[in-house]
Amino acid sequence: MSLDLHACLPVYATLDWAATGRCLPDKVLPVPPGIIEGTANNTVNTASVYSVKEIYKTVQGEGWHTGRAAVFLRFAGCNLWSGREEDREEAVCSFCDTDFIGTDGPGGGKFRSAAELAARVRSVWEGALPAGASDCAQHAAFEGPFAGEPAAATTKPYVVCTGGEPLLQLDAPLVVALQASGFDVGVETNGTKDAPGGIDWICVSPKAGAPVVLTRGHELKLVYRQALALPDAFAHMDFEHFFLQPMDGPDRERFTKEARAYCARRPQWKLSLQTHKIIGVP
Ligand code: SF4
């Protein structure tokens, strides 16, 4: 495919064009050097190296799958914020509460193949503590009760690919490898990139100022209240479920009341609470 790169400029074209020949929307930023270690140009996964911040087992705390046991596979890097506090004010997404820089979290690292990463995810599901997990008391304390337990026979294992922005790295071979390891594969994305085919559960969480490319999936989960990303802007999109999730922070109580009132008026929307924070688990 030929591509006029200049047609993409001054849009931040380096993010996607090398892999797909498509320009991404305005205001979607390339990931600064050092945020995704080991990934070519810190952009897309052309080097077939998956840079993973952490992998741990917990229960899904938000949205449709709340309460379901899951392995969280957190990829390093995001295209809407560098992850550095000094950049937050200028970031497209400024309310992030997640550390996604580097590969130094429990179970994190650089994985040279989809099979290698899928095997690590499986071992975490089965209760094997990933290297370094014991360094993190919060994770280790939660993983303890699962250690040595066999996977439940009646419940399909579930992996949530998150970040950072997982679709900077999650590709079709990894989806296939995770499914071959027995997992339903979910993704939680900001929606600024297309997803590879075959994902079992797509959850898009739009961010104000970042145009949504991925307009269909299973669940749209909107952090509320973002003044420039109000529910009406997304209500027409092709999702099975629509959630409002009050933004954490000093105004959480007010946003919760407002979100609850909005859901009462517009039953298309349901309230999603961050139950993992309520019970104090990652
Ligand atoms: S898009 Fe998601 S991971 Fe990226 S900065 Fe925003 S909340 Fe954080």
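Predicted model: local features only at pLDDT ≥ 70, side-chain atom pairs only at ≥ 80, totals over all residues.
View 1. Strand 5, formed by residues 184–189, and strand 6, formed by residues 201–204, run parallel and are joined by four bridges. Helix 5 (residues 252–265) packs on the sheet, where it touches strand 7 (216–224), strand 8 (238–246) and strand 9. The direction of helix 5 makes about 145° with that of strand 8.

View 2. The strands follow the order 3-1-2-4-5-6-7-8-9, and their pairing is mixed. Strand 3 (109–111) and strand 9 (269–271) are the edge strands, each of which pairs on one side only. On average, neighbouring strands of this sheet are turned by 30° against each other, direction ignored.

View 3. Strand 2 runs parallel to strand 4 and is joined to it by four bridges; F72 has V160 as its bridge partner. Strand 5 also runs parallel to strand 4, again with four bridges, and C161 stands opposite V187 of strand 5.

View 4. Helix 2 (residues 114–125) lies across strand 1 (50–59), strand 2 (69–75), strand 3 and strand 4 (158–162). The helix runs at about 20° to strand 1.

**View 5. A nonpolar core contains L178.** Nonpolar side chains tend to be buried together in soluble globular proteins. The largest nonpolar core of this model has 56 residues. Within this core, the residues with the most contacts are V71, L73, V121, V159 and L178. Helix 2 gives the most to the core, contributing six residues. Leaving aside residues up to four places away in sequence, L178 touches A118, V121, V159, F183 and V185.

**View 6. Residues surround the ligand.** Which residues surround the ligand? They are C78, L80, W81, C93, C96, T98, F100, G163, G164, E165, N190 and K207. By class, this shell has six nonpolar, four polar and two charged residues.

Technical notes:
Residues numbered from 1 in each chain as written. Near = placed C-beta within 6 Å. Nonpolar A, V, L, I, M, F, W, Y, C, P; charged D, E, K, R; others polar. Pairing = 2+ DSSP bridges. Helix = DSSP H or I, 4+ residues; strand = E, 2+ residues; numbered from the N terminus. Axes fitted to C-alpha atoms, helices over the stretch in contact; angles between N-to-C directions. Contact = placed C-beta atoms within 7 Å. Core = buried A, V, L, I, M, F, W, Y, C linked by C-beta atoms within 7 Å. Buried ≥ 20, exposed ≤ 12 C-beta atoms within 10 Å, placed from the backbone.
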